[in-house]
Amino acid sequence: LIKKTVTMSVSLPADRTKRRRRRELTEEQKQEIREAFELFDTDKDDAIDYHELKVAMKALGFDVKKPEVLRILSDYDQEGTGKIKFQHFFEVMKDWITDRDPQQEIIKAFSLFDDDSTGKISMRNLRRVARDLGDRKSGS
């Protein structure tokens, strides 16, 4: 029986200012923001409400809590409609996406595989992920 594992070592940069440098969004990221917004702007009025905002943000990889979503709405809902327009949604998502720490994103992704917290990805871990993805694909 051959047992193979993948080990990941993460070291944080000593100079954290490098990480804080603003990056620009790629065209693909801009398109993802547009698509997430349009998907939930069901009445096509160029604005989404609380629930749509929360789900659109989740679709972009942000698991936000109710108080944070309400704060965003409060900051950007200038007309008092309870909705956020695309222009403001784009601003918020641009800031959130560019503020992501790539190293933390890698660690988060790694932990999805390393469910037994060994610091390694084993064949058992890979099989579980493949099975989970297969279950989702087949609708089970």
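Reader: Which residue meets Lys94 in a salt bridge?
Author: This is a predicted model, in which local features need pLDDT of at least 70, side-chain atom pairs count only at pLDDT 80 or more, and totals for chains, interfaces and linings use all residues. Residues are numbered from 1 along each chain as its sequence is written, and side-chain values use heavy atoms, with hydrogens and water left out. A salt bridge requires a side-chain nitrogen of Lys or Arg within 4 Å of a carboxyl oxygen of Asp or Glu. At 3.6 Å, N to O, the side chain of Lys94 meets that of Glu24.

Reader: How many residues apart are Lys94 and Glu24?
Author: Helices (H or I, at least four residues) and strands (E, at least two) are DSSP runs, numbered from the N terminus. Lys94 belongs to helix H5, whereas Glu24 lies in the loop between helix H1 (17-20) and H2. The pair thus links distant parts of the chain, and the separation is 70 residues.

Reader: Is Glu24 buried or exposed?
Author: Buried means under 20% relative accessible area, exposed over 50%, and partly exposed in between, with a 1.4 Å probe and protein chains only. Because Glu24 has 63% relative accessibility, Glu24 counts as exposed.

Reader: How many salt bridges does a search of the whole structure find?
Author: Side chains of opposite charge can pair when their charged atoms come close. The search of the whole structure gives a total of 12.

Reader: Which residues are joined with Arg124 into one network?
Author: Arg124 forms a salt bridge with Asp115, their closest N and O atoms being 3.5 Å apart. Arg124 counts as partly exposed because its relative accessibility is 43%, and Asp115 is partly exposed with a relative accessible area of 40%. Salt bridges that share partners join Arg124 into one network with Asp115, Asp116, Arg128 and Asp132.

Reader: Is Lys44 buried or exposed?
Author: Lys44 is found in the loop between helix H2 (27-40) and strand E2 (47-49). Its phi is near 55°, a positive value in a residue other than glycine. With 59% relative accessibility, Lys44 therefore counts as exposed.

Reader: What is the value of phi for Ser117?
Author: Ser117 lies in the loop between helix H6 (102-113) and strand E4 (120-122). At 64% relative accessibility, Ser117 counts as exposed. Its phi is positive in a residue other than glycine, with a value near 50°.

Reader: Which residues in H5 meet H4?
Author: Helix H4 (residues 66-76) and helix H5 (residues 86-99) pack with their axes 10 Å apart. Contact means heavy atoms within 4.5 Å. From H4, the residues Glu68, Ile72 and Tyr76 take part; their partners in H5 are His88, Glu91, Val92 and Trp96.

Terms used:
Axes fitted to C-alpha atoms, helices over the stretch in contact; angles between N-to-C directions.
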